[in-house]
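Subject: Structure handover

Hello,

Here is the structure you were to receive. My notes on it follow below.

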Amino acid sequence: MIEITCMSDIEKLNKPNIPTVFKKYIEDYLSTMLSRFECNNLSNFGSIFVLENESELDTYSPSNASQFMNVGLITDNNKTLNITQLFFFEKSYTKIVFIESSIIEKYINSAKVG
């Protein structure tokens, strides 16, 4: 699980199992959030998490998500990379979790989140 709250955290996404198009999406998403909140670090408002495998779902049960959104990203070889974005709200703190849709698909179908 990778936690991201500031631009320097984007370096954590430099892993072979994380596609470049996904890293770029998270970088743009983070940049937009930092701009909206007029800050350099989201830690006072929440965090962005990237889950790398199914075992990390123990921390974030999809059935506890307030809402979810599917994101289709086009890769360099013109294939679609489907990512699921889950939102968890705790008082004035938000956790936004991204995970490759194929990893979480069975949980979303069984929990009927959304």
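The protein chain has an accessible surface of about 6700 Å², and 46% of this belongs to carbon and sulfur atoms. Such areas come from the Shrake-Rupley method with a 1.4 Å probe, and for residues only the protein chains shown count as cover. Of its 114 residues, 40% count as buried (under 20% relative accessible area; exposed is over 50%, partly exposed in between; 1.4 Å probe, protein chains only).

Please note that this is a predicted model, in which local features need pLDDT of at least 70 and side-chain atom pairs count only at pLDDT 80 or more, while totals for chains, interfaces and linings use all residues. Residues are numbered from 1 along each chain as its sequence is written, and side-chain values use heavy atoms, with hydrogens and water left out.

Overall fold

The protein chain contains two helices and five strands, in the order β-α-β-β-β-β-α along the sequence. The radius of gyration is 14 Å, close to the 13 Å of the globule rule for 114 residues, so the chain is as compact as a globular protein of that length. Helices (H or I, at least four residues) and strands (E, at least two) are DSSP runs, numbered from the N terminus. The radius is taken over C-alpha atoms, and the rule is 2.2 Å times the number of residues to the power 0.38. Of the contacts (heavy atoms within 4.5 Å) between residues at least 6 apart in sequence, 54% join residues at least 24 apart.

Aromatic residues

The whole structure holds eight aromatic pairs. In one of them, the ring centres of Tyr60 and Phe88 are 5.3 Å apart and the planes are at 45°, so the pair is tilted. Tyr60 lies in the loop between strand 2 (46-51) and strand 3 (67-74), and Phe88, 28 residues away, in strand 4 (residues 80-90). Tyr60 is buried at 7% relative accessibility, and Phe88 is buried with a relative accessible area of 7%. For pairing, rings of Phe, Tyr and Trp (its six-membered ring) need centres within 6.5 Å; planes under 30 degrees apart are stacked, over 60 edge-to-face, and the rest tilted.

Phe22, Tyr25, Tyr29 and Phe98 make up one aromatic cluster. Phe98 belongs to strand 5 (residues 93-100) and is buried, with a relative accessible area of 0%. Leaving aside residues up to four places away in sequence, Phe98 touches several residues, including Ile26, Ile48, Val50, Leu51 and Ile83.

Regards
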